[in-house]
Amino acid sequence: MAKEECNSQWHKARDPFAVRNRKVFPSPEQTHQSLITPESKNKQGDNTFPSNGSSADFPARRRVDSSNTLLLIVVTGLSFATRLYKITEPPHVCWDETHFGKMGSYYINRTFFFDVHPPLGKMLIALAGYMTGYDGTFPFVKPGDKYEHHNYWGMRGFCAVLGSFLPVFAYLIVQELSQSHTAAIITATLLIFDTGCITISQYILLDPILMFFIMAAVLSMVKFNQQSYRPFTAPWWLWLILCGGALACALGVKFVGLFVVLLVGLNTVKDLWRILGDLSLSLIDVAKHFLARVAGLILLPLFLYVTIFAVHFVLLNKSGPGDGFFSSTFQSRLIGNNLYNVSMPEYLAYGSTITVKNLRIAGGYLHSHWHLYPEGVGAKQQQVTAYLHKDHNNMWLVHKPDNDTQSGSPDLVRHGDIIRLEHKETTRNLHSHLHQAPLTKKHFQVTGYGLNGTGDTNDLWQVEVCGGRKGDLVKVLRSKVRFLHRATGCVLYSSGKSLPKWGWEQVEVTCSPYLKETPSSQWNIEDHINPRLPNISLSLLKPNFLEILLESHIVMIRGNSGLKPKDNEMNSKPWHWPINYQGLRFSGVNETEYRVYLLGNPVVWWINLASLGLYLIMVALASVVIQRGISPQQKRIEHSDVLRGGGGLLLLGWLLHYVPFYVMGRVLYYHHYFPAMLFSSMLTGVTLDILLRNADLLLRQPYSDWLHRGGQMVLLFTVLYSFHLFHPLSYGMKGPLAHEPGSAMAGLKWMDSWEF
C-alpha cells in the first residue's frame with residue numbers, strides 16, 4: 001500500500017491534466033503546461049529563480065536577465081555576421097537566382113509570369129530590390145551572368161537578414177521548451193556554424209524566406225502555449241495572432257508551408273482537448289477558446305493568404321511569359337494580351353475562324369504547318385502539333401461535314417455536333433487514323449489531310465462540351481470542349497511531350513483511345529472571328545477574383561506535379577539528405593571559376609543524425625522507468641517531461657517536414673531538407689543537453705560536473721573547427737579542386753559523392 005500510495009502521489013504531481021483554478025489566476029508554475037512546455041519551470045534551478053517575491057531575489061533576477069540578454073545578443077551578432085559576410089560575392093547569378101531574381105524583376109515591371117509556388121516570397125524579393133535601387137532591368141538569363149552595374153545586393157541582403165534570424169528563433173524556441181540556456185546555445189551553435197544554412201541564406205532564393213516564417217510560426221506557437229495560465233489577455237492574443245500570420249506567410253511562400261500548418265494544427269487540437277477536460281471551465285469558456293483559435297489560426301491566415309494573391313494579381317497586370325499557362329478568360333484581363341478588351345462572337349458557329357487552346361499546363365495551341373512527318377513516323381502526312389505561342393498557323397476553320405456553304409445567319413455549333421476543322425493556312429483537314437503517334441505509342445497519329453476541303457471520313461470530329469447536354473452551345477473562352485474522332489473513337493489530346501528536331505520541338509498532339517476527361521484532352525475556343533455574328537466585349541467574360549484565385553491554384557498544383565526529373569538530370573533522394581550524401585553546385589565547376597557548393601557542415605549534420613537515434617533511446621528508457629513505477633529524482637522527472645514534451649514536438653516537426661517527400665512524385669533536391677534540418681538541430685540541442693546533465697548517473701561528484709562541462713566544450717570546439725575547415729564551401733573558393741594538391745579543401749572530400 002505504501003508503494004502504491006507513493007507512486008500515486010508521484011503520478012499525481014506530474015499529471016498534466018490537473019484542474020486549474022481560473023478564478024485566482026495561478027502562476028505558470030502551478031498550472032497546466034501544454035504539450036510542448038515542460039512542467040515545473042521553477043524547479044530548473046540552473047535557469048530560473050525563486051518566485052517568493054522577496055526583495056533579496058531582485059539582484060539575482062537582474063543578473064539572470066542580463067545573462068539571458070547578453071547570450072541572445074551574442075547569438076544574434078554571430079548569426080548576422082556569418083550570413084552577411086561576403087554577401088556580394090560572387091558578383092554573378094548563382095543557381096536558382098536565375099529564376100527568383102527574374103521573377104522579382106517581373107514584379108517591378110508588373111509583367112505576368114507563372115511559377116509553381118505562391119507569390120509572397122517573390123513579392124518580398126522584388127520589394128527588397130525596389131527599395132534598394134534595383135530597377136528590374138537585369139535579364140537573369142542563366143547562372144554565371146555578371147551583374148555588372150545592376151544593384152543586386154539588396155535582394156541578397158534581404159534573404160540573408162531573414163536567414164540570420166533562424167538561429168535566433170531556434171535559440172528562443174529551445175529555451176522555452178527546455179528552460180535550459182545550454183540546450184539553446186547548443187542549438188544556436190549548430191545552426192550558426194552550419195555551412196549549408198549559411199549558403200542557402202546568402203542568395204536570392206525562397207528558402208530563407210520560407211524558413212523564417214516556419215520558425216516564426218513555431219516560436220509564436222510555443223510562446224502562445226506559455227500564456228495558457230492567463231487566457232484572453234493581450235500577450236495571449238498577440239502570440240495567437242502572430243502565429244496565424246506566420247502560418248499564412250509560410251504557406252504564401254511555398255506549399256510546403258502546409259507542414260508547419262499541420263504541426264500547429266495538431267498542437268491546437270491537443271490543447272483544445274485538454275481544455276475540454278478541464279472541469280473548472282464551463283462549456284461557454286470552452287467555446288470561447290475554440291472560437292478564438294478558429295479566428296486566429298484559421299480565419300486570419302486564410303484572409304492574409306487570399307490577400308497575398310489579391311496583391312499579386314493587382315501588381316501583375318501586363319501580359320508576359322506566363323500567359324500561356326492560364327485559360328483564355330484569365331488572359332483577357334492582362335494588358336497587352338491579344339484578348340485584352342477585344343470583342344468577338346460569344347458562341348461558336350460554322351464558318352468561324354478560331355484558335356483552339358489545350359487546357360493542360362503548356363499544352364499549347366492546336367497548330368499545323370507545311371512540314372510532313374518524316375519517313376517511318378506514321379503516315380507521311382502534314383504535321384499537327386501544339387504550339388505554345390501565338391501564330392497565324394494556329395488558325396482553323398469550322399465546317400459542317402458536308403461542306404455546305406451558308407447564307408444569312410450561320411448555324412451555331414452545339415454539343416454532339418459533327419464538324420470538320422480545316423487548317424486555314426494549308427487548307428488541310430484535322431485528321432486521325434490507326435497509325436501510331438510519334439512519341440506516345442499507345443495513341444494514334446493526328447495529321448493534316450486532304451486539300452481545299454476534300455478529304456475522307458477520318459476528318460470528322462464530334463464536339464463534346466464537358467458537363468454539357470445535347471444541344472448546348474459552345475461558349476467562346478468559357479466552355480471546355482473535347483473532340484471525339486468519329487472513325488476510331490479516340491479523343492484529341494496534347495501529350496505535353498516535345499517532338500524531335502523534325503517537329504521543331506513543338507508539343508506532340510495525338511488521338512487518345514483513353515476517354516477519361518483530363519486537361520490534356522480538354523480544349524477551349526480562344527480567338528473567334530465570324531463577321532456574320534454580333535460581337536460582345538470580352539470584358540463581360542472576365543473572371544472574378546475567386547475564379548482566378550481558384551485557377552491559379554489549379555495551375556500551380558498541376559505545375560508542381562509536372563516537375564518530373566529530366567533525362568540525365570540529378571534527382572536527389574530523401575534518404576540522401578540526413579546523411580549529407582550530396583550537395584548542390586551554386587557557382588563554378590573548374591579551378592578557374594569562383595566555386596560555391598551547398599553542403600551542410602558534415603559534423604553538424606552527422607551529430608544531428610546520431611542525436612535522432614539517441615533521443616529515441618533516451619525516451620524509451622524514461623518510458624520504461626515510468627511504466628515500471630520507479631520513482632526517479634525530481635530532476636529526472638523534469639528531464640523526462642522535457643524529452644517527451646518539447647522533444648516530442650520537435651521530433652514531430654522533423655517528421656512532418658521530412659517524411660512526406662518519400663511519397664512525392666515530383667523532382668526533389670537537397671535543399672528541400674533544410675526546414676526539417678532546423679527541427680533536427682533543435683532536437684539535438686535538447687537531447688545532448690539532457691544527456692550531459694545526467695552525467696551523474698555514470699560518475700559521482702565532482703567528476704560528473706567535469707564530464708558535463710567537458711562534453712559541452714568538446715562539442716563547441718568540434719563544431720567551430722569543422723566550420724573552419726569547411727567554410728570555403730559557403731564563402732567561395734578558387735584554385736585547385738579538392739582532389740588536387742594545394743586545394744583549400746584538400747583531404748576534406750570525405751564522401752565520393754561530394755562534388756567540390
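The protein comprises 19 helices and 16 strands, where helices (H or I, at least four residues) and strands (E, at least two) are DSSP runs numbered from the N terminus. The model is predicted: local features need pLDDT of at least 70 and side-chain atom pairs count only at pLDDT 80 or more, whereas totals for chains, interfaces and linings use all residues. Residues are numbered from 1 along each chain as its sequence is written, and side-chain values use heavy atoms, with hydrogens and water left out.

Of the 756 residues in the protein, 55% are buried (under 20% relative accessible area, with a 1.4 Å probe and protein chains only). Among contacts (heavy atoms within 4.5 Å) with a separation of 6 or more, 75% are accounted for by residues 24 or more positions apart.

Helix α4 (residues 120-131) and helix α5 (residues 153-178) have axes that come within 7 Å and cross at roughly 125°; axes are lines fitted to C-alpha atoms over the stretch in contact, and angles run from 0 to 180 degrees between N-to-C directions. Leu124, Ile125, Ala128 and Gly129 of α4 contact Gly154, Met155, Phe158 and Cys159 of α5.

The axes of helix α14 (residues 602-627) and helix α18 (residues 703-726) cross at roughly 140° and come within 8 Å, which makes α14 oblique to α18. Here Pro602, Val603, Val604 and Ile607 of α14 meet Leu715, Thr718, Val719, Ser722 and Phe726 of α18.

How values were computed: Buried < 20%, exposed > 50% of the residue type's maximum accessible area, 1.4 Å probe, protein only. Parallel < 35°, antiparallel > 145°, perpendicular 65-115°, else oblique.
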